[in-house]
Amino acid sequence: MQKYAQHSFGMQLAQVSRGWRAELDRRLSDLGLSQARWLVLLHLKLLGETPTQRELAKTVGVEGPTLARLLDGLEAQGLVQRLAVQEDRRAKKIVLTPQAQPLIERIESIAVQLRREIFVGIDEEDIQHCQRVHARILMNIEGL
């Protein structure tokens with residue numbers, strides 16, 4: 001029975017992740033950004049420090065060439081800039097432009113509203129318990 005529970009847990013977790021992201025993507029579609037682009041913008045906002053392109057690729061979970069294409073598009077939209085790193089001429093730091101701030105605020109507002117709707121009827125205690133379980137699973141994955 002335990003194997004079935006673990007299997008269904010993994011499947012359900014994947015469904016939740018896909019469904020949540022798909023609904024957020026649907027709600028953000030009017031902003032003219034692909035899911036990949038709005039994810040990059042949110043990661044840049046949440047990171048705090050200005051990442052290099054390589055660091056950002058790792059954080060977002062994409063390969064370098066994929067991120068380079070995303071950044072090309074975001075740069076063409078005037079939402080990010082690549083800045084040279086003095087210590088390493090090949091590296092580039094990625095910064096948000098002032099033009100990106102209102103767009104990110106809109107993305108965050110839509111995301112907050114979606115979270116409110118998704119978590120209706122779920123106690124804070126249950127959410128914290130799930131977070132502990134997820135954190136343990138992530139630790140186990142990193143230990144493999």
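Tutor: Start with a definition: a nonpolar core is a set of buried Ala, Val, Leu, Ile, Met, Phe, Trp, Tyr and Cys residues joined through side-chain atoms within 4.5 Å. Buried means under 20% relative accessible area. The model is predicted, and its largest nonpolar core has 27 residues. Val40 and Leu41 have the most contacts inside that core.

Student: Which elements supply at least two residues of this core, and which gives the most?

Tutor: H1, H2, helix H3 (53-60), helix H4 (64-76), E2 and H5 each supply at least two. H5 gives the most, with 7 residues. In general, nonpolar side chains tend to be buried together in soluble globular proteins.

Student: With what is leucine 41 in contact, leaving aside its neighbours within four places in sequence?

Tutor: Contact means heavy atoms within 4.5 Å. By that criterion leucine 41 is in contact with Leu33, Leu74, Leu79, Val80, Leu96, Leu103, Ile104 and Ile107.

Student: Why is leucine 28 called buried?

Tutor: The cut-off is under 20% relative accessible area. Leucine 28 has a relative accessible area of 1%, so it is buried. Leucine 28 lies in helix H1. Leaving aside neighbours within four places in sequence, leucine 28 is in contact with Trp38, Ile107 and Ile110.

Student: How far apart are the C-alpha atoms of leucine 28 and leucine 41?

Tutor: They are separated by 13 Å, and the two residues are 13 residues apart along the chain. Ile107 is in the contact list of leucine 28 and also in that of leucine 41.

Student: What makes threonine 52 buried?

Tutor: Its relative accessible area is 15%. That value is under 20%, so threonine 52 is buried. Threonine 52 is found in the loop between H2 and H3. Not counting residues up to four places away in sequence, threonine 52 touches Lys92, Lys93 and Ile94.

Student: How do you know that the buried residues of H5 are on the same side?

Tutor: The buried residues of H5 are Ala100, Leu103, Ile104, Ile107, Ile110, Ala111 and Leu114. They cover an arc of only 125 degrees around the axis, so they are on the same side of H5. An α-helix has 3.6 residues a turn, so residues three or four places apart point the same way. On the other side of H5, Pro102, Glu105 and Arg116 are exposed. The buried residues of H5 pack against helix H1 (2-28), helix H2 (35-47) and strand E2 (88-96).

Student: What span does H5 reach, and what is expected?

Tutor: H5 (residues 100-118) has 19 residues and reaches 27 Å from its first C-alpha to its last. That is close to the 27 Å expected at 1.5 Å a residue.

Student: What puts the buried residues of H4 on the same side?

Tutor: In H4, Leu67, Leu70, Leu71, Gly73 and Leu74 are buried. They cover an arc of only 160 degrees around the axis, and therefore lie on the same side of H4. The face turned away from the buried side of H4 carries the exposed residues Pro65, Arg69 and Ala76. Cover for the buried residues of H4 includes H2, H3, E1 and E2. H4 has 13 residues and reaches 18 Å, close to the 18 Å expected at 1.5 Å a residue. H4 is followed by glycine 78, whose phi is positive, near 75 degrees.

Student: Why are E1 and E2 called paired strands?

Tutor: Two strands pair if at least two bridges are found between them. Strand E1 (residues 80-85) is joined to E2 by 6 bridges, so the two count as paired. E1 and E2 run antiparallel. The bridge partner of alanine 84 is lysine 92, in E2. A hairpin joins E1 to E2 through 2 residues.

Student: How many helices and strands does the protein chain have, and what pattern does it follow?

Tutor: The protein chain has 6 helices and 2 strands. Along the sequence the pattern is α-α-α-α-β-β-α-α.

Student: What percentage of the residues in the protein chain is buried?

Tutor: Buried residues make up 25% of the 144 residues. The protein chain exposes about 10,500 Å², and carbon and sulfur atoms supply 53% of that area.

Technical notes:
Residues are numbered from 1 along each chain as its sequence is written. This is a predicted model: local features need pLDDT of at least 70, side-chain atom pairs count only at pLDDT 80 or more; totals for chains, interfaces and linings use all residues. Side-chain values use heavy atoms; hydrogens and water are left out. Helices (H or I, at least four residues) and strands (E, at least two) are DSSP runs, numbered from the N terminus. The expected span of a helix is 1.5 Å times one less than its number of residues. Buried means under 20% relative accessible area, exposed over 50%, partly exposed in between (1.4 Å probe, protein chains only). The arc is that of the directions from the helix axis to the C-beta atoms. Accessible areas come from the Shrake-Rupley method with a 1.4 Å probe; for residues, only the protein chains shown count as cover.
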